[in-house]
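Dear colleague,

Please find below the structure that I am handing over to you, together with its sequence.

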Amino acid sequence: MNDSMEARIDHLKRKRDAVILAHSYQPPEIQDMADHVGDSLELSVKASTTDASVIVFCGVSFMAETAHILSPDKTVILPEPDAGCPLADCIEVPALRTLQGMHPDSLTVLYVNSPASVKAEAYACCTSANALQVVESVPSDEVIFAPDRNLGTFISRSTKKRVHIWNGACRSHATADIGEMASRKEEWPDARLLVHPETPPEAWELADAVLGTGGMIRYVASSGSRRFLIGTEEGMVYRLKTLFPEREFMPAGLIYCENMKKISLQKVLLSLERLEPVVEMDPEVRRRAGLAVARMMETTG
Ligand code: CIZ
């Protein structure tokens, strides 16, 4: 009898002493098979506290890098090394240093959706779940926020600090189809529309709440509403349906990330068999990036 792919993964996972972490934007079969599903912050906490020797990270490259930064003694595997993030790739060290030179009184808060080499130049990292909290906590009245301009703009509206915003964007969220969102609202007039802060301000104006994915889960849990329109990467709709089977969810804005869909069960199995591709990093970059990530973790508690 042939074992299912999931059973073979489970067997190898035990043999390798591995834990499988998956982001909420991953395909349904990956979410179903993972040990933990969550946002970057939740998965960072799991990566830093796990006893497993191997972390298989089902997400995109900056997330697996963060797991390696937090758990340098573990083997961190990204089953598809080409699962990149165009937002992370839109910032590089020399250009950030130039901006820092223009604003010498600023400390840099960097969204985790960035390369490790750039994290090493930042004072603190943040995720969409804690961006405002981190910006408020850094000991300066001026902040450089990079690389997502929409999240930076959203934060700048809620803080008295002067925020210098990098002009980068998540191409999946920044191109959210606002007309489609409006049509979905007409289709389900009783629904709450929740949108991600990486979407453009026009989406925030239509929405009932602007939240990261962790915030969306908490919103639904405490809401009396039955129906929700979800303005973030469509994988999140599956996550919410799994958590709240008695509620109804529909994607809004046609937001899809092809990089988040590059990992398959087959690739997870292969990566556990071969214990590769392993995330590697210059140790000095890892140490310095680790300081910025640690400041985020301390702020969030
Ligand atoms: O922080 C994350 O995990 C991302 C990429 C989105 C979100 O809001 O969770």
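Leaving aside neighbours within four places in sequence, Arg 247 is in contact with Val 220, Ala 221, Ser 223, Ser 225, Arg 226 and Phe 228, where contact means heavy atoms within 4.5 Å. The model is predicted: local features need pLDDT of at least 70, side-chain atom pairs count only at pLDDT 80 or more, and totals for chains, interfaces and linings use all residues. Residues are numbered from 1 along each chain as its sequence is written, and side-chain values use heavy atoms, with hydrogens and water left out.

Arg 247 belongs to the loop between α14 (235-243) and β12 (248-251); helices (H or I, at least four residues) and strands (E, at least two) are DSSP runs, numbered from the N terminus. Arg 247 counts as buried because its relative accessibility is 17%; buried means under 20% relative accessible area, exposed over 50%, and partly exposed in between (1.4 Å probe, protein chains only). A polar atom of the Arg 247 side chain lies 3.1 Å from the backbone oxygen of Val 220. For the backbone oxygen of Ser 223, the distance to a polar atom of that side chain of Arg 247 is 3.2 Å.

Aromatic residues

The structure holds three aromatic pairs. Rings of Phe, Tyr and Trp (its six-membered ring) pair if their centres lie within 6.5 Å; planes under 30 degrees apart count as stacked, over 60 as edge-to-face and the rest as tilted. Phe 154 and Trp 204 form an edge-to-face pair, 5.1 Å centre to centre and with 75° between the planes. This pair links distant parts of the chain, with Phe 154 in helix α9 (residues 149-156) and Trp 204 in helix α12 (residues 201-206), 50 residues apart. Phe 154 is partly exposed, at a relative accessible area of 24%, whereas Trp 204 is buried, at 8%.

Phe 244 and Phe 249 form a tilted pair, with 6.4 Å between centres and 45° between the planes. Both Phe 244 and Phe 249 are buried, and together with Phe 228 they form one aromatic cluster.

Arg 295 lies over the face of Tyr 123, at 4.0 Å from the ring centre. A charge sits over a ring if NZ of Lys or CZ of Arg is within 6 Å of the ring centre and within 35 degrees of the ring normal.

Strand β1

Strand β1 (residues 18-23) is mostly covered, with six of its six residues buried. Ala 18, Ile 20 and Ala 22 point one way from β1, while Val 19, Leu 21 and His 23 point the other way. Five bridges join β1 to the parallel strand β3 (residues 54-58), in which Phe 57 stands opposite Leu 21. Three bridges join β1 to strand β2 (residues 36-38), also running parallel, and His 23 stands opposite Gly 38 there. Two strands pair if DSSP finds at least two bridges between them.

Trp 166

Trp 166 is found in the loop between β8 (162-165) and α10 (171-174), and is buried at 14% relative accessibility. The C-alpha atoms of Trp 166 and Val 19 are separated by 35 Å, with the two residues 147 apart along the chain.

With kind regards

Notes: A polar contact is a pair of N or O atoms within 3.5 Å; within protein, one must be able to donate a hydrogen and the other to accept it, and residues adjacent in sequence count only if both atoms are side-chain atoms.
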